Amino acid sequence: MPGFEIFGDEERKEVQDVLDTGVLFRYGFDQARKGRWKAKAFEADLSKLTGAQYCHLCSSGTAALSIALAACGVGAGDEVIVPPFTFVATIEAVLGAGAVPVFAEIDETLCLNPDAVNAVITPRTKAVLPVHMCGSMASIDEIKALCEQKQLVLIEDACQAIGGSLNGKALGTFGQMGCFSFDPVKTITCGEGGAVVTDDKELYTIAEGYADHGHDHTGSDRGLEGHPILGTNFRISELNAAVGLAQLRKIDYILKKQRAHKKAIKDAMLQFSEISFRRIPDEKGDTATFLSFFLPEEEHARKLAGELAGAGVDSCFYWYDNNWHYIRQWDHLKRLSSAAKLPARLFEHCPNYENMELLQSDKIIGRTISMLIKLSWTKEGLSQRIEKLVEVISKMNL
Ligand SMILES: *Cc1c(COP(=O)(O)O)cnc(C)c1O
């Protein structure tokens, strides 16, 4: 998955372009920058890739989520429905907005279960924030239909799913806004960066203003620009944007490579009838950054993850015990431990996250292993990986 595996002269050239002019700021300095606009160019390319009308680049995926929540009017006390299997940033952004995260169960797509979302809607629900985890998609058309029926805002966290689609429509373009990340381990990376996409001009205008202290970006003198709203600083620098621009041009190569690597591994695993695979609503739209599969029981999954690591089959994640992507180990979140008092604590309807039960999600994640699909595997490396994998699974006697 990670774009850092293929840094090359293309990235170097784009960065050099920026250093040559000395203009590291994405706005203004029209004379000095000699027509070099890396953030703008990246936005145009990402709009093209996703088919979204508007794109705004920002400093991180977390910032993108915060921008989307703000632009869509999600604020103090609003409930936002989120999955327990995600990167904690999704939840942090909701809490940062002063809103209240409400968890719903996932299903075998490893993403929000539409029925479970429906079950936790209350009169205070303002938005649903599905996460397209590990490179593949949620049942996003069903979630979209539910949001339309209940008049809820739909924001997609597509930070791990750039280039993915459902029935030909890009992930990130189903709701009011979609969010992407270009952090150091994402499919496309620029060190730190993120983006929001939308088809709604008004949302775009709020988003790009909010991300830059409310500036309206009209006229040619930044000092004279209007400030219709308060905002913050979630700007990206031209240096980061330059790296991302070169990376984004490699997306077709990346997806092709990942899909081929994933297919080879999955094909070899089909012989094990006790192992099943993550449900993918549209296989063609899978970005193939991970191969996620289910063992019959939790104990098998934990054991296999250990054996794979022991045999040198690296990058296989057992999320249930790992601190990164599943709520089970997030004691800081369950206790709402924070640097300062969170707005969510002021609301009586804030759930007690310590007592919360997510039995369906536990059952699924407890049986899941996800193997990261790398770009840099050689043909021989891939064959050896498959050989070892088959050997280790065979010995499991499932
Ligand atoms: C990486 C990630 C984020 C946050 O992106 P950053 O750029 O690291 O801030 C949010 N959600 C998900 C699902 C992610 O994987």
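Of the 398 residues of the protein, 56% count as buried, where buried means under 20% relative accessible area with a 1.4 Å probe and protein chains only. The model is a predicted one, in which local features need pLDDT of at least 70, side-chain atom pairs count only at pLDDT 80 or more, and totals for chains, interfaces and linings use all residues. Residues are numbered from 1 along each chain as its sequence is written, and side-chain values use heavy atoms, with hydrogens and water left out.

The protein holds 13 helices and 13 strands, which are DSSP runs numbered from the N terminus, helices being H or I of at least four residues and strands being E of at least two. Seven strands form an open sheet with mixed pairing in the order β1-β9-β8-β5-β4-β2-β3, where two strands pair if DSSP finds at least two bridges between them. Its edge strands, β1 (54-58) and β3 (100-103), each pair on one side only. Strands β4 (residues 125-128) and β5 (residues 153-157) pair in the parallel sense over two bridges, and Ala127 stands opposite Val153 in β5.

| Helix | Lies across | Angle |
|---|---|---|
| α2 (residues 38-50) | β1, β8 (177-181) and β9 (194-198) | about 135° to β1 |
| α6 (residues 140-150) | β4 and β5 | about 155° to β5 |

Taken along the principal axes, the C-alpha atoms of the protein fill a box of roughly 70 × 55 × 40 Å.

Note on methods:
Contact = heavy atoms within 4.5 Å. Axes fitted to C-alpha atoms, helices over the stretch in contact; angles between N-to-C directions. Buried < 20%, exposed > 50% of the residue type's maximum accessible area, 1.4 Å probe, protein only.
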